[in-house]
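Subject: Structure for you to look at

Hello,

Here is the structure I said I would pass on. Please open it and keep it beside you while you read the notes below.

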Amino acid sequence: MQETVESTGFLADIEKAINDVFKPIQEFAAQVVFFQIPGWSDGPPFVVLWLLVGAVICTVYFGFVQARGIATSFDVVRGKFSSPDDPGEVTHFQALASALSGTVGLGNIAGVAIAVTIGGPGATFWMILAGLLGMATKFAECTLGVKYREINEDGTVSGGPFKYLLVAYGKINGHVAKIMTGIYAVAILFFGVAGGNMFQANQTYVQITEVTGKEDSFLAGDGASLIFGLVLAGLVALVIIGGIRSIARVTDKLVPAMGTLYVVCCLTVLLVNASHIPSAITGIFEGAFNPQGVAGGVIGVMIVGMQRAAFSNEAGLGSAAIAHSAVKTRRPVSEGFVALLEPFVDTVIVCTMTALTIVVADTSLFETSRAQAAAGEEPDASGVLLTSDAFESVVSWFPILLAVAVALFAFSTLITWSYYGQKAWEYLFGRARASIVIYKTVFCVFTVMGCVLTLGEVVAFADSFLFVCAFVNILGLYLLLPVIKSEMKEYLADRKSGELLKLGSN
């Protein structure tokens, strides 16, 4: 697990009391949401299989759209088929950047490090495969997010699962539609406010404290954490007050910057250890099918890799469709083509870079952690520490750059999830100005709390609750697959005939 800031004194007593209340609730929720398939004790949680099966079905149903639609995706992102008067709030690139800022984060660094420690290098192969499959799921849910969105009188957009789930489940019954969409909204809201928000705020504080002296840092101590939390909440407020347009203006600069910083650091490690790359790649392929893998054979390695991908890119949860629905377009499926790039960047590129960096560097800490995992013990080193150690093996001050990247990843994830939570709040409580102000105030308060208190059980409960979305969302996608396919065929036909170029020239 990632290190967290420990509270002391009065704050520690408050934290313990809250965690004690939530612990049994969290344990029960985890058993329900992540239950194992009976008779398959070493298998993955059912929710992971649910996401992967959904990805396979979408891949086959749409004729491997992630392969044959990639050229279209890049054309749309570049604005080739866009018109200045298209309805919406943000450009295709800004929508992609906003959604990526919600998925590219600590999971790509810490989570991948743990995956290759437990599953060995072979976990990377299955992680990449799951990421490629997840591209089709993102294509489907983000197409629907735009298809059934509403453009409000003030020009803002209300879209995503809160709209298309009502249509999907409405095919069954109106009451069922409201109940299922309500469950989805509660899960997104709770994770957005208490889960992603508090954890990301805490990790931003942790990383900055780490590079400024750890225990001797001027940020050490409860008083400093409160001040840091207030400053961070102020920065968050400045961004989120302007809604998705403001968030997009930040993320379309922040995501490329932090992604480039991180990838350049990884490439540096790989270039210095270039002679080890061929053996590392060989190890990835051999480890993927090696029945003697650390995680319990080929099935164990497969589970570790695919589970990491599912948890990282969020394909199938529907969350990204909230950001993508704000795009400026008249053709819903155009954003589906943009969205399928998201798992590719998040999992196939960023997660793979992390895995290769750690495997190629092959530090003594990584070897020790792998030995501990093989012995059935929990590795002493955290995921970020394993990545940091790989960086430090090449350049002594690279861990500082990693800390900066982690802090930026955390901040971008935090502001994007504030928007997701807001849309869930609007669905549940309406769009009145006073209501939105209350939500944003509550969100910023929880940002401060995340720096002061860890509340591990609350955050763990929110993590579990988020995956409730998978069950609701994937089933909703199944009910609307024909609608997506019809949109896709018409769009590709217009692209081939040149009709889309006419739209883009307006």
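A search of the whole structure, which is a predicted model, finds 11 salt bridges. Start with aspartate 75. Its partner arginine 78 comes to 2.7 Å, taken between the closest N and O atoms. Aspartate 75 also forms a salt bridge with lysine 80, and there the closest N and O atoms are 4.0 Å apart.

How exposed are these residues? Aspartate 75 counts as buried because its relative accessibility is 8%, and buried means under 20%. Arginine 78 counts as exposed at 61%. Lysine 80 is partly exposed, with a relative accessible area of 36%.

A further salt bridge joins the side chains of arginine 330 and aspartate 85, at 3.6 Å from N to O. Aspartate 85 is exposed, with a relative accessible area of 53%. As for salt bridges that share partners, they join Asp75, Arg78, Lys80 and Arg495 into one network.

Next, the aromatic rings. The count comes to 24 aromatic pairs. Take tyrosine 205 and phenylalanine 228: their ring centres are 5.3 Å apart and their planes stand at 45 degrees, so the pair is tilted. Tyrosine 205 lies in helix α9 (residues 174-211) and phenylalanine 228 in helix α10 (residues 222-240), so the pair ties together parts that are 23 residues apart in sequence. Both tyrosine 205 and phenylalanine 228 are buried. Elsewhere, ring pairs link Phe35, Phe46, Trp50, Phe471 and Tyr478 into a cluster.

Now look at helix α17, which covers residues 364-374. Which of its residues are buried? They are Phe366, Ser369, Gln372 and Ala373. These residues sit on the same side of α17, because they cover an arc of only 125 degrees around the axis. On the other side of α17, Ser364 and Ala374 are exposed. What do the buried residues of α17 pack against? They pack against α6 (106-119), α16 (341-361) and α18 (383-392).

Serine 369 is a residue of α17 to look at by itself. Serine 369 counts as buried, at 1% relative accessibility. Leaving aside residues up to four places away in sequence, serine 369 touches Thr117, Pro379, Ala381 and Leu386.

Some backbone angles are also worth a check. Most residues other than glycine have a negative phi. Aspartate 362, which is not a glycine, has a positive phi of about 45 degrees. Aspartate 362 lies in the loop between α16 and α17 and counts as partly exposed, at 39% relative accessibility. Phenylalanine 64 is not a glycine either, and its phi is positive at about 55 degrees. Phenylalanine 64 is found in the loop between α2 (46-61) and α3 (65-68). After α17 comes glycine 376, with a positive phi near 85 degrees.

Isoleucine 14 and leucine 453 are 439 residues apart in sequence, and 8.8 Å apart from C-alpha to C-alpha. Isoleucine 14 is in helix α1 (residues 9-33) and is partly exposed, with a relative accessible area of 30%. Threonine 282 and glycine 122 are 160 residues apart along the chain, and their C-alpha atoms are separated by 9.3 Å. Threonine 282 belongs to helix α12 (residues 277-288) and counts as partly exposed at 38% relative accessibility.

Last, the surface. Which residues make the nonpolar surface patch of about 360 Å²? The patch is made by Val211, Trp397, Ile400 and Val404. Of these, isoleucine 400 is placed in helix α19 (residues 398-429). Isoleucine 400 is partly exposed, with a relative accessible area of 46%.

Regards

Methods
Residues are numbered from 1 along each chain as its sequence is written. This is a predicted model: local features need pLDDT of at least 70, side-chain atom pairs count only at pLDDT 80 or more; totals for chains, interfaces and linings use all residues. Side-chain values use heavy atoms; hydrogens and water are left out. Patches are made of residues with over 30% relative accessible area and no salt bridge: like charges are joined within 9 Å, nonpolar side chains (Val, Leu, Ile, Met, Phe, Trp, Tyr) within 5 Å. Accessible areas come from the Shrake-Rupley method with a 1.4 Å probe; for residues, only the protein chains shown count as cover. Helices (H or I, at least four residues) and strands (E, at least two) are DSSP runs, numbered from the N terminus. Buried means under 20% relative accessible area, exposed over 50%, partly exposed in between (1.4 Å probe, protein chains only). The arc is that of the directions from the helix axis to the C-beta atoms. Contact means heavy atoms within 4.5 Å. Rings of Phe, Tyr and Trp (its six-membered ring) pair if their centres lie within 6.5 Å; planes under 30 degrees apart count as stacked, over 60 as edge-to-face and the rest as tilted.
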